[in-house]
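Hello,

Here is the structure I promised to pass on. Please open it first, then read the notes below it.

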Amino acid sequence: MIGTKVAVSILAAATLARLLASFALLPANSNGGNVVDQTLGQGTLPALGAALLDPAHTWDHLEEACFWVHHSPDAWTDARGIKGSRGSGVLAGYNAIYTPGTRIVAPPLVVAFLGEALVCPRRPILWAVQQLLLLIADAIGAFCIYHLGKRMFEMESTSSEAEIERHTKLSAKDDGKCNNDLVVPGVLRPERGWIVGLASKIIPPGELLLDVSETKVATGTSADAPQQKEGQTNGVKTKATENGATSPEEKDPILTLDQLPAIAAVSYFCNPVSMMANAGGSTRTLWDTLMLLSLYYATTPPAGTTKEGIPSKIPSATKAALSLAVATYADVGYGIFILPILVWRGFLGDKQKSAARKRGRHGDWRMVLVLFLSCTGGLHFLASLLVGGEPGAYRKVVIQTMLRNVAFVQLDDSGSVSGPSMGLHWYMFVQVFDRFRPYFTVFVSGIPAMFAVPLMIRLHRYPSVVAATLQLLWAIFRPTTTVHTLMLGLHLALINPRTIVRMRNPALVSFFALPVPMLLFVTFHRMWLVTGNGNPNYIFFQCFAYGLFVTIITMEFVSATVKRDKVIRMIEKGNMKKLVKQIEAKGPGKKAEEKEANPSNGNDVKDSGDDLGSKPEPVVVFL
């Protein structure tokens, strides 16, 4: 178990590493050389920026916006029907920011509050304030992840799933205290459940017989060959159960479920990707933190107690709605997270919930939705007053500031597009003919929205899983895909251990393979754009591999949640007894017994009709 002193030491070391990276290794605003380029070669820092940063959400982008605020010539503005900046002050400057050709995506209020305060004055001390602000934002994000995971653990501890797990663990002791109706069959348990102290998968005896006999036929092992020792299966120590099935020898859990929130929070704050992204000046950290704050307030218990022990109501609807509204104003893509928030606040709630879960859930989802829409509309109204101009002028501003956050489009009428990123949009866009680009933009940009409704319908009982899945989808389909976006999705997934233990080996392989395309992307980016001995196809294949690995992880995460939910629903409905009888009557044990009674010489390839009839039903294969 992670002690308090150890956690504090790790956080302190991570803070020092962040400050070192911010102030020494990656000086974002330095005009001279930097340690990274001097050590690894010229062009390495821009390559790292392409993998980690979204150009539309950086301090440098706000600095460019500040230039257009204060340096819009009268002749240039008058030619487009805008009053000169000298005659009309700030309003003309903010209107000029979004004139075609400026390529500014930051919304007006972001430029006004962040740009004017921390970027435009161009004082050295302000650069230090920028880095400290991002450091504090990541610390708040880690705090939110910890409490979010802790609340998920508390909610799930009072659910029917926790009751099923308790009776399943008691069934191994055979002391008569468990309810057999709530015991999960061994074949349907998570294979890696022992890692977090859950009941692990038990291998049916028929599968063991099939495994041994098929291995003999495939390898040509004779009957006189030395046999495996009792208690071992292919070299793995096993333990026989009462019905002849075997399970892995009982192991001590590596972690416990209540430790995962602290581990996720420490990992989020200490991961090097966030450190380098903040050192490079990524303001997306601020918007990620606001989104996490909205999830934190959405999961706040509806009631608490004061220091005097008096029950009191905890208001949180306004805070949750306002936090998400500000993040959505900066990047409209964050608006999709209103879906899990509404579920936490009572939307799509189960009618047959336990009293404990009813006490821990809000029922004000309508109020949260109205507050979110009102806050978002209010922010845009204030921005329209700041921009000024004709009534239809702000509509062009909204299009310019929103579109590039959800769709890959050209920067201006010249046809230029954003540079390479970890996604595939940049490569596919330049390969498409001009007349097909609108179709490509609408189709590809609409893919993330296609998953929202199916996820909500199938997984509405697991809003934390929905939130993690949506973030992982953004890590694939965001117009400017970055590793920074992926890190947040992985840490949101980490606070769902009951799902993770059901994920299969392809997800594990993909996770450990992710650093390969990341590092090769940086290498080939420099080879193409600096040394000139590469080409964009090199980067394309790394982006393809990166997207493939993230897709496998996301699909396995959703699939594992569906399996988990399926088992719970079957036990709640009382269908598990029928399933167990089907497994015993038609499972692989029958096939093994027939093979033992009628041994084959190894030349028969097709099974008989009786063998075909003894295969498990699709529901067993699905689970």
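**What was found**

The second largest pocket has a lining of 42 residues. Those nearest its centre are Met 487, Leu 490, Phe 511, Phe 512 and Leu 514. Bear in mind that this is a predicted model.

More on that pocket. Its space comes to about 1300 Å³. Which helix gives the largest share of the lining? Helix H23, residues 483-494, does, with six residues. By residue class, the lining holds 37 nonpolar residues, three polar ones and two charged ones.

**The chain as a whole**

The protein chain has 623 residues, and 48% of them count as buried. Its secondary structure consists of 31 helices and five strands. Take the contacts between residues at least 6 apart in sequence: 72% of them join residues at least 24 apart. The accessible surface is about 31300 Å². Carbon and sulfur atoms account for 63% of that surface.

**Confidence**

The mean pLDDT of the chain is 78. A pLDDT of 70 or more is reached by 73% of the residues. Two stretches deserve a note. Residues 73-91 have a pLDDT below 50, and in the model this stretch makes 27 contacts beyond near neighbours in sequence. Residues 242-246 also have a pLDDT below 50, with 16 contacts beyond near neighbours in sequence. Please read the contacts of both stretches alongside those pLDDT values.

Start with Cys 66. This residue is found in helix H4, residues 59-70. Is Cys 66 buried or exposed? Cys 66 counts as buried, because its relative accessible area is 5% and the cut-off for buried is under 20%. Leaving aside neighbours within four places in sequence, Cys 66 is in contact with Gly 115, Glu 116 and Cys 120. Gly 115 is 49 residues away from Cys 66 along the chain, yet their C-alpha atoms are separated by 6.5 Å.

Next, Ser 323. Helix H15, residues 317-330, holds this residue. Ser 323 has a relative accessible area of 10%, so it is buried. What does Ser 323 touch, once its neighbours within four places in sequence are left aside? The contacts are Leu 290, Leu 293, Ser 294 and Tyr 297.

Then Ser 559, in helix H27, residues 536-573. Arg 502 lies 57 residues from Ser 559 along the chain. The C-alpha atoms of Ser 559 and Arg 502 are separated by 8.7 Å.

Last, Asp 258. Where does Asp 258 sit? The residue is in the loop between strand E3 (246-248) and helix H12 (260-270). Asp 258 has a relative accessible area of 44%, so it counts as partly exposed. Met 152 is 106 residues from Asp 258 in sequence. In space the two are 9.8 Å apart, C-alpha to C-alpha.

**For your first pass**

I would begin at the second largest pocket, with helix H23 and its six lining residues. Then turn to Cys 66 and its contacts with Gly 115, Glu 116 and Cys 120. Keep residues 73-91 in view as a stretch with pLDDT below 50.

Best wishes

Conventions
Residues are numbered from 1 along each chain as its sequence is written. This is a predicted model: local features need pLDDT of at least 70, side-chain atom pairs count only at pLDDT 80 or more; totals for chains, interfaces and linings use all residues. Side-chain values use heavy atoms; hydrogens and water are left out. Helices (H or I, at least four residues) and strands (E, at least two) are DSSP runs, numbered from the N terminus. Buried means under 20% relative accessible area, exposed over 50%, partly exposed in between (1.4 Å probe, protein chains only). Contact means heavy atoms within 4.5 Å. Accessible areas come from the Shrake-Rupley method with a 1.4 Å probe; for residues, only the protein chains shown count as cover. On a 1 Å grid over the protein atoms alone, a cavity is a set of points where a 1.4 Å probe fits but cannot get out, and a pocket is an open set with protein on both sides within 12 Å along at least five of seven lines; lining residues have an atom within 4 Å of a point. Grid points are joined across faces, edges and corners, and a volume is the space filled by probe spheres set on the points. Ala, Val, Leu, Ile, Met, Phe, Trp, Tyr, Cys and Pro count as nonpolar, Asp, Glu, Lys and Arg as charged, and the others, Gly among them, as polar. pLDDT is the predictor's confidence in each residue, from 0 to 100.
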